[in-house]
Amino acid sequence: MKIEFAPMEGVTSVWYRSAHQKWFGGVERYYTPFLSPTQDHVFPKRELREIEPSGNQGVPLVPQLLTRRGEDFLWAAKALADMGYREVNLNLGCPSGTVTAKRKGAGFLAVPQELEQFLEEVFSRCPIEISIKTRLGISEPEEFWPILKLYNRYPVKELIIHPRVQKDQYKNHPRREVFAAAAARSKAPVCYNGDLYTEAAVEKFQKECPGVERIMLGRGLIGDPALARKLAGGPAASRDELMGFLSEVFDCYTQGFGSRHSAMLRMKELWCYLICLFRDGAKYGKAIRKAKDPAEYEARVAAVFRELELLDDLEPDW
């Protein structure tokens with residue numbers, strides 16, 4: 001089973017990815033939070049920081065692009081190729097209303113003729129390989145079958161399917177039966193994404209879809225950084241590992257932002273997921289979220305490691 005790490009804005013930054021690869025590993029491919037190339041054809045400083053090769057050494061990284069303009073996609077792909085990247089991922093899965101209102105992300109699926117023109121342009125001219133992350137459609141899963149026929153016309157490096165429709169957002173259950181049928185019909189290698197948070201959930205998925213060799217993990221890996229390693233037969237995260245990992249991420253955020261307070265805010269978001277690795281951690285997680293300054297934050301994190309039992313597997317309540 002090959003494990004890929006889904007991007008999450010505000011969490012899976014360049015600093016987080018590097019620390020995760022160092023402390024836990026087990027991930028074949030990491031993805032950047034989506035880059036949004038515009039007609040200015042310049043990567044903003046924040047996006048450039050995510051993709052500069054010097055900051056991603058040793059990390060198997062695939063940049064993800066969110067756009068509906070072929071010209072902008074091709075400019076970004078050429079710039080990334082010049083940096084040494086050999087693959088770019090097209091985001092056709094983001095369900096956010098602010099994104100889909102512009103017919104980007106999953107919203108692009110609502111205009112199949114425009115999507116066809118876009119794919120024709122980028123696949124005919126892109127200097128590097130293209131993978132796609134997609135949803136099933138806008139309202140109904142049956143919308144996916146003509147979309148899949150469209151994908152099958154092109155040399156897609158990998159098709160990552162999140163088997164929800166855009167209107168589901170992250171509610172309801174992923175439609176596994178639709179995914180299984182899509183995997184059988186796809187000409188491209190298929191990767192599954194959606195609600196795999198624990199070893200038991202992955203094992204259940206493997207029984208349902210035994211021929212699928214790739215899965216993408218998001219919140220499950222953020223909440224349990226050792227999940228990919230465990231799926232390969234390795235150990236669960238130890239207390240010392242988690243403390244070292246979080247200390248490194250906090251230090252990197254502090255250096256990158258030039259502010260321990262800004263770093264603390266990022267770490268609070270990370271703890272929304274991590275606290276589920278500790279038995280009876282809800283009260284402690286709430287205390288971390290209420291911390292007003294870095295010293296208070298660090299004291300409350302220390303209390304978690306000092307006073308709570310660390311679980312071997314995630315108990316998500318998000």
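Buried means under 20% relative accessible area, exposed means over 50%, and partly exposed lies in between (1.4 Å probe, protein chains only). The model on display is predicted; local features need pLDDT of at least 70, side-chain atom pairs count only at pLDDT 80 or more, and totals for chains, interfaces and linings use all residues. Residues are numbered from 1 along each chain as its sequence is written, and side-chain values use heavy atoms, with hydrogens and water left out.

**Whole chain.** The protein has 14 helices and 9 strands, where helices (H or I, at least four residues) and strands (E, at least two) are DSSP runs numbered from the N terminus. Of the 318 residues, 55% are buried. The C-alpha atoms fill a box of roughly 55 × 45 × 35 Å along the principal axes.

**Helix 1.** Select residues 14–23, which form helix 1; the buried residues there are Val14, Trp15, Tyr16, Arg17, Ala19 and His20. Just after this helix, glycine 25 takes a positive phi of about 60 degrees.

**Salt bridges.** A salt bridge is a side-chain nitrogen of Lys or Arg within 4 Å of a carboxyl oxygen of Asp or Glu. By this rule the count comes to 26.

Select glutamate 4 and arginine 29, whose closest N and O atoms are 3.3 Å apart in a salt bridge. Glutamate 4 belongs to strand 1 (residues 2–5) and arginine 29 to strand 2 (residues 29–31), so that the pair links distant parts of the chain, 25 residues apart. Glutamate 4 is buried, at 0% relative accessibility, and arginine 29 is buried at 12%.

Next, select glutamate 129 and lysine 157, which meet in a salt bridge of 3.4 Å, N to O. Glutamate 129 lies in strand 6 (residues 129–134), whereas lysine 157 lies in the loop between helix 6 (144–151) and strand 7 (159–161). Glutamate 129 is partly exposed at 42% relative accessibility, and lysine 157 is partly exposed at 33%.

Then move to arginine 176 and glutamate 208, joined by a salt bridge of 2.8 Å, N to O. This pair connects helix 7 (residues 176–185) with helix 8 (residues 199–208), 32 residues apart. Arginine 176 is buried, with a relative accessible area of 18%, while glutamate 208 is partly exposed at 38%.

Finally for this section, select Glu199, Asp224, Lys230 and Asp313, which are linked in a network of salt bridges.
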